[in-house]
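Try each task before reading its solution.

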Amino acid sequence: MAVTAPLNETQVIANLGMSADPSAQYYAAWWLGKMRSRHPEAVPLLLKTLKALEQTPVDQDRRGVALNAIRALGRLGNPAARNPLCELLNSTDYTMREEAARSLGRLRDPAAVPGIRRLIESGTAVAGGEQTGSPLLQEPCEALIEALGDIGLCSAETLAAIRPFANHPRPLIRAAAYRALLQLTGDSSWGVQLIELLKHPEALVRRGALLDLGATGWTGAGSAICAAAVEPSLKLVALRSLAEHSEDPQVLRAMDALI
Amino acid sequence: MATAELTAAFARLNRATSTAELVQATQAIASLQDPEAAETLIKVLGFNNPAVANVATEGLIRLGCAVVPKLLVNLDARNYGARAWVVKVLATLRDPRGLELLEHALQADIAPSVRRAATRGLAELDLNNSRDADALRRCCDGLLLAGRDDEWVVRYAAAFGLERRLQHSNVSGSMTDQALALLRQLSSSSEDVKVVRLRAQLALQRLNAE
């Protein structure tokens, strides 16, 4: 529960404009996204913070502000953010590409699909290959594939780009592919694959698969979500998503049993 | 004095290293349904392992209201996960001795999962006799507070809880008015989270108060 007085939106907008104080900007960018601000200055000011990424070298404080701005732009759902976010898919900074993809997934704008898809078209060996000396893959495949599924524009090209990742060696990448393929095709056999991952020995994989099932809105997953060896809080998050997609009162009943 | 079976089961728990072994050892302890196992089962709640904690929680619930005083004493204030499970056990046992702890958890706990479980407890504590009018008022006050929580899941639990109290308890007229007003607010567009609106609408439907 809030222990401090709530910040006022006008103040937050003013803080976001103060480029001399990146820590105030950092918090302001987060706040606007969290509060789903409708202030007319919010999106223009958030977009302005992205300019800092064009300089070499990028100032690390301003990079942090820009990351929060990218996340906020995803939450605010303003179509003006689409082109600037699509441009960030070309960034040499892996995290920028990852966060831009997540926010584009939230915007659900079909025009972003070709740019996102292009980054995974080189397949599991290239885009999905490991970077040397790093746990990261060459591309933020999980975020990119999830974004394609969330946007929900099904085409032969998109399916062909995602399908190889259903055989990726990493279970969370496979989960992202199953999730997107279920969202795009409605074919429940992908959901069955996700349910299989709920039995994975690693809790991290079980949690990921659980949230992926929720995101698909596929009500066939309800009982498997309830039965999974995952903490109730996460089951509730997954079921919330299921309930909001399906509006099925059965899902509310399952949630009542978990609270 | 613990029985030989319980002592053996404790030893098995101490030797366990994997989740599967911990779950089996905890199941073995829980299946004995021995009140002496309560402290150990409470300790297991703090292992930060949901599969194991779930088994221990069920074991404690099976031991019944006799574990309530031990739960109140052994609550580990520093372990969020453990606290959530303890509040869950108290909420499930519906023992009125848990009221103060549940009220406190709802008002002061920073973990939404703990406030959520506390809200459920306030909805379901057994308060059947008329002497409990004050406790019922406190439960309803708690549910009204939960309905204004920052976290959606606590507001969801409040909608569930207000429905239950209005359906099954002898709630005073003015409290009923406040509860219905809150449910109407949670079902309206002033509530951001769709699933909370859906749950509050369902509550109003079941109460024939749309």
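**Exercise 1: a glutamate and its neighbours**

A:Glu244 is buried, with a relative accessible area of 19%. Keep in mind that this is a predicted model.

Task: find the helix that holds A:Glu244, and list which residues A:Glu244 touches, leaving out those up to four places away in sequence.

Solution. Start with the label: buried means under 20% relative accessible area, and A:Glu244 has 19%. Finally, look for contacts: A:Glu244 touches B:Val193, B:Lys194 and B:Val195.

**Exercise 2: an enclosed helix**

Task: explain why helix 3 of chain A (residues 42-49) is largely enclosed by the rest of the structure.

Solution. First, pick out the buried residues of helix 3 of chain A: A:Ala42, A:Val43, A:Leu45, A:Leu46, A:Leu47 and A:Thr49. Then see what they pack against: helix 1 (9-17), helix 2 (22-34), helix 4 (60-76) and helix 5 (82-88) of chain A. Because six of the eight residues of helix 3 of chain A are buried, this helix is largely enclosed.

**Exercise 3: an arginine in helix 7**

Task: describe the exposure of A:Arg118 and find the side chain that a polar contact joins to that of A:Arg118.

Solution. Locate A:Arg118 in helix 7 of chain A, residues 113-120. Its relative accessible area is 46%, which makes A:Arg118 partly exposed. Now turn to the side chain: a polar contact of 2.8 Å links A:Arg118 to A:Asn90.

Key:
Residues are numbered from 1 along each chain as its sequence is written. Chains are lettered from A and ligands numbered from 1 in the order in which they are written. This is a predicted model: local features need pLDDT of at least 70, side-chain atom pairs count only at pLDDT 80 or more; totals for chains, interfaces and linings use all residues. Side-chain values use heavy atoms; hydrogens and water are left out. Buried means under 20% relative accessible area, exposed over 50%, partly exposed in between (1.4 Å probe, protein chains only). Helices (H or I, at least four residues) and strands (E, at least two) are DSSP runs, numbered from the N terminus. Contact means heavy atoms within 4.5 Å. A polar contact is a pair of N or O atoms within 3.5 Å; within protein, one must be able to donate a hydrogen and the other to accept it, and residues adjacent in sequence count only if both atoms are side-chain atoms.
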